[in-house]
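Dear colleague,

Please find the structure below, handed over for your own study. My notes on what was found in it follow directly after.

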Amino acid sequence: MGKSYSIFFKNFFRRETVLRAIKVALVVGPILIIINHHDALLNLEFNDNLYFKCFLTFFVPYCVSAYSSAQAYCAEDLKLSESSE
């Protein structure tokens with residue numbers, strides 16, 4: 001079980017995974033910020049709380065994308081290891 005975690009984290013921090021997750025966050029993040037915080041943006045009500053929420057709004061799609069990519073790489077690795085046996 002420990003080995004599967006290390007493989008997952010290796011895949012989670014792969015260059016391809018990180019780049020893909022950044023691209024997803026840069027597309028999805030602003031859309032979610034507009035949807036969720038349009039009232040504060042239109043009223044120019046910028047504060048630390050809004051900045052933190054905006055950070056999380058980028059961070060969540062990043063993590064979702066990186067997680068799904070890492071899981072896909074793990075499934076691919078498992079399939080390759082099973083076929084070579």
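One aromatic cluster is formed by F8, F9, F12, F13 and Y67. Two rings of Phe, Tyr or Trp (for Trp, its six-membered ring) are taken as a pair if their centres lie within 6.5 Å; planes under 30 degrees apart count as stacked, over 60 as edge-to-face, and the rest as tilted. By this rule there are six aromatic pairs. In general, the distance of the centres and the angle of the planes are what describe a pair of aromatic rings.

Please note that this is a predicted model, in which local features need pLDDT of at least 70 and side-chain atom pairs count only at pLDDT 80 or more, while totals for chains, interfaces and linings use all residues. Residues are numbered from 1 along each chain as its sequence is written, and side-chain values use heavy atoms, with hydrogens and water left out.

F12 counts as buried because its relative accessibility is 14%. F13, in contrast, has a relative accessible area of 56% and is therefore exposed.

How many salt bridges does a search of the whole structure find? The search finds one, where a salt bridge means a side-chain nitrogen of Lys or Arg within 4 Å of a carboxyl oxygen of Asp or Glu. Its partners are E16 and R14, at 3.2 Å from N to O. Side chains of opposite charge can pair when their charged atoms come close. E16 is partly exposed because its relative accessible area is 40%, and R14 is partly exposed because its relative accessibility is 27%. R14 also lies over the face of Y73, 3.7 Å from the ring centre; for such a contact, NZ of Lys or CZ of Arg must be within 6 Å of the ring centre and within 35 degrees of the ring normal.

The structure holds zero disulfides, a disulfide being a pair of cysteine sulfur atoms within 2.5 Å. For C54, the nearest cysteine sulfur is that of C63, 16 Å away. C74 is likewise in no disulfide, and its nearest cysteine sulfur, that of C63, is 16 Å away. C54 counts as buried because its relative accessibility is 15%; C74, at 17%, is therefore also buried.

Turning to the helices, these are DSSP runs (H or I, at least four residues), numbered from the N terminus. V27 is found in helix α2, residues 15-42, and is exposed because its relative accessible area is 53%. V27 and P61 are 34 residues apart in sequence, yet 9.3 Å apart in space, C-alpha to C-alpha. L44 lies in the loop between α2 and α3. Although L44 is not a glycine, it has a positive phi of about 55 degrees. L44 counts as exposed because its relative accessibility is 63%.

Finally, F59 lies in helix α3, residues 48-83, and is partly exposed because its relative accessible area is 40%.

With kind regards

Key. Helix = DSSP H or I, 4+ residues; strand = E, 2+ residues; numbered from the N terminus. Buried < 20%, exposed > 50% of the residue type's maximum accessible area, 1.4 Å probe, protein only.
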